[in-house]
Amino acid sequence: MIQTKKDVLRFEGELKGIQKGLENFTENRFNEKIKESWEPLKFIAAKERLKTRPVDTISTLEKGMPINSLVHHGFKTIYDIRNESIEDLRRIDGIG
């Protein structure tokens, strides 16, 4: 209940505090938060897709890639290749 000038000043202070807090909920702030959350999710989704993407998909990106050699060395999906070093991949016949 507001009865004195002191009550009014207290109430104004509370309202200013609420208003200040609401400034954190702008459209730009929400967009930033969504982007921060979305980036890791995109990475996780891409990683999961690579687990099921057959190694022969590479042939659409690189003509003449020795897919059979990759399969012979145990690579079934693109995900299987992800941690191989360049040196190890170059040892596979047909990869330069």
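## Salt bridges and a nonpolar core

Lysine 42 and glutamate 39 sit three residues apart, about one turn of the helix, in helix 2 (residues 27–52). Helices here are DSSP runs of H or I with at least four residues, numbered from the N terminus. The model is a predicted one, in which local features need pLDDT of at least 70 and side-chain atom pairs count only at pLDDT 80 or more, while totals for chains, interfaces and linings use all residues. Residues are numbered from 1 along each chain as its sequence is written, and side-chain values use heavy atoms, with hydrogens and water left out.

### Charged pairs

Side chains of opposite charge can pair when their charged atoms come close. A salt bridge is taken as a side-chain nitrogen of Lys or Arg within 4 Å of a carboxyl oxygen of Asp or Glu, and by this rule the count comes to seven. Here are some of them, with their N to O distances.

| Aspartate 7 | Arginine 10 | 4.0 Å |

How exposed are the partners? For relative accessible area, buried means under 20%, exposed over 50%, and partly exposed in between, using a 1.4 Å probe and protein chains only.

Aspartate 7 is buried, at 17% relative accessibility, whereas arginine 10 is partly exposed at 43%.

For the remaining pair in the table, aspartate 88 is partly exposed at 34%, and arginine 91 is exposed at 63%.

### The nonpolar core

In soluble globular proteins, nonpolar side chains tend to be buried together. A nonpolar core is a set of buried Ala, Val, Leu, Ile, Met, Phe, Trp, Tyr and Cys residues joined through side-chain atoms within 4.5 Å. The largest one in this model has 10 residues: Val55, Ile58, Ile67, Leu70, Phe75, Ile78, Ile81, Leu89, Ile92 and Ile95. Helix 4 (67–72) and helix 5 (78–81) are the elements that give two or more residues to this core.

Which residues does leucine 70 touch, leaving aside its neighbours within four places in sequence? With contact meaning heavy atoms within 4.5 Å, leucine 70 meets Val55, Ile58, Met65, Phe75, Ile81, Ile92 and Ile95.
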